[in-house]
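Open the model in a viewer and keep the selection tool at hand. The tour moves from one selection to the next and says what is there.

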Amino acid sequence: MEQDPDTTIVHDFFPIARLYKSGRFERMLGTETVSAGTDPTTGVISKDVPVNPTTGVSARLYLPPNIHSDTKIPILVYFHGGGFIIETAQSPTYHNYLNSLVSKANIIAVSVEYRRAPEHPLPVAYDDCWEVLAWTASGSSSDDWISEYGDLTHLYLGGDSAGANVAHNLAVKAASEGIKIKGLVLCHPWFWGSKPIGKEDTHPENREKGSLLWMFIFPGTTGLDDPLLNPMASEERLEKVFKCDKVFVTVAEKDGLKDRGRLYYEKLVEAIANGKWEGEVKFYEAEGEDHVFYLQNPLSDKAVEMMNIVTKFID
């Protein structure tokens with residue numbers, strides 16, 4: 001009996017997504033959305049702003065309550081996670097997180113709605129995110145919140161998992177394009193490489209799964225040591241991060257990606273010690289926690305602790 005192509009799995013990225021023989025792509029997580037508006041808990045106001053109507057690239061902007069007209073506050077351009085294939089800027093997970101962060105840190109947040117793979121393979125997401133960053137940093141943004149309240153001398157990039165990967169790579173590009181980034185907030189960044197480090201899983205089958213995902217979302221990649229995935233593969237690119245004043249790297253003890261985040265942090269510490277960078281780097285590891293735990297359980301003690309550290313970092 002011939003198999004139904006609409007139910008025959010070609011690529012299984014359980015538990016987040018599946019690709020079927022017919023070409024149907026099923027997102028199993030990160031599909032729920034919420035509208036922008038006033039958050040009843042924090043008083044933070046949000047709105048969706050089109051950046052490129054042709055491609056559909058947009059941003060959800062967040063403004064803290066009770067802000068005075070003569071006040072200038074830091075701007076955080078935020079990139080959501082989800083392996084470049086799930087989640088959106090309208091996800092309740094990210095909407096709730098940024099409402100809380102904006103309220104506590106007293107900042108403007110620009111949450112980027114970028115196009116996702118496989119419909120739009122990488123580097124499309126990088127390009128979309130860059131377009132929103134350039135739009136934000138232009139100094140002539142058509143958005144009144146950014147122009148009236150935003151302090152472009154305190155421009156931050158941040159994200160989690162794949163979004164932290166984007167934040168790093170856009171900081172690299174910003175250094176080349178003359179856009180000053182005050183700081184980076186990299187939460188549980190998705191960095192990888194062809195050779196295991198630290199306590200990373202060495203089982204060939206498990207490492208192959210990670211390789212398949214990266215190749216699936218980025219068919220044109222040079223491989224697992226593509227500098228977009230492995231920052232250590234290009235010292236020249238990594239050194240462009242030194243244009244930032246400071247970097248905050250967070251990892252979780254049970255996260256399989258933690259050793260890459262720690263290595264990134266250690267390289268920056270080494271750069272300071274060798275006099276290559278005069279910046280500041282901070283590191284936080286959540287003991288007993290797993291990947292992006294603070295998004296899944298934001299009221300836990302460790303999540304509250306992490307939120308407080310991030311809040312103090314953005315000034």
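How many cavities of 30 Å³ or more does a search of the whole structure find? The search finds 1. Before selecting it, some ground rules. This is a predicted model, in which local features need pLDDT of at least 70 and side-chain atom pairs count only at pLDDT 80 or more, while totals for chains, interfaces and linings use all residues. Residues are numbered from 1 along each chain as its sequence is written, and side-chain values use heavy atoms, with hydrogens and water left out.

**Stop 1: the cavity**

Select L76, Y78, Y97, L101, G158, G159, V185, C187 and V310, which line the largest cavity. On a 1 Å grid over the protein atoms alone, a cavity is a set of points where a 1.4 Å probe fits but cannot get out, and lining residues have an atom within 4 Å of a point. The space in this cavity is about 50 Å³; a volume is the space filled by probe spheres set on the points, and grid points are joined across faces, edges and corners.

Now colour β6 (73–79), α1 (92–105), β8 (150–160) and β9 (183–187), the elements that give two or more residues to the lining of the largest cavity. Helices (H or I, at least four residues) and strands (E, at least two) are DSSP runs, numbered from the N terminus. By class, the lining of the largest cavity has 7 nonpolar, 2 polar and no charged residues. Ala, Val, Leu, Ile, Met, Phe, Trp, Tyr, Cys and Pro count as nonpolar, Asp, Glu, Lys and Arg as charged, and the others, Gly among them, as polar.

**Stop 2**

Angles under 35 degrees count as roughly parallel, over 145 as roughly antiparallel, 65 to 115 as roughly perpendicular and the rest as oblique. Axes are lines fitted to C-alpha atoms, for helices over the stretch in contact, and angles run from 0 to 180 degrees between N-to-C directions.

To see the contact (heavy atoms within 4.5 Å), show Y97, S100, L101, K104 and A105 in α1 with M307, V310 and T311 in α9. The residues of this contact divide into 5 nonpolar, 2 polar and 1 charged.

**Stop 3: the second largest pocket**

Select N96, Y97, S100, P298 and L299, which lie nearest the centre of the second largest pocket among its 19 lining residues. A pocket is an open set of points with protein on both sides within 12 Å along at least five of seven lines. The volume here is about 410 Å³. α1, α8 and α9 each supply at least two residues of the lining, and α1 gives the most, with 7 residues. The lining of this pocket divides into 10 nonpolar, 7 polar and 2 charged residues.

**Stop 4: the largest pocket**

Which residues lie nearest the centre of the largest pocket? Select P15, I16, L213, L257 and H291, five of the 46 residues that line the largest pocket. About 1,400 Å³ of space lies in this pocket. β1 (9–13), α1, α5 (204–217), α7 (258–273) and α8 (293–296) each supply at least two lining residues. The largest share, 7 residues, comes from α5. By class there are 19 nonpolar, 14 polar and 13 charged residues in the lining of the largest pocket.

Stay on P15, in the loop between β1 and β2 (17–20). A cis peptide bond joins F14 to P15, with omega about 10 degrees.

**Stop 5**

Go to P118, in the loop between β7 (108–113) and α2. The peptide bond from A117 to P118 is cis, with omega near 5 degrees. Then select N66, in the loop between β5 (57–63) and β6. N66 is not a glycine, yet has a positive phi of about 60 degrees.

**Stop 5: α2 and α4**

Finish with helix α2 (residues 124–137) and helix α4 (residues 162–177), whose axes come within 10 Å and cross at roughly 60 degrees. α2 and α4 are therefore oblique to each other. Show Y126, C129, W130 and L133 in α2, which meet N165, V166, N169, L170, K173, A174 and E177 in α4. The contact of α2 with α4 has 7 nonpolar, 2 polar and 2 charged residues.
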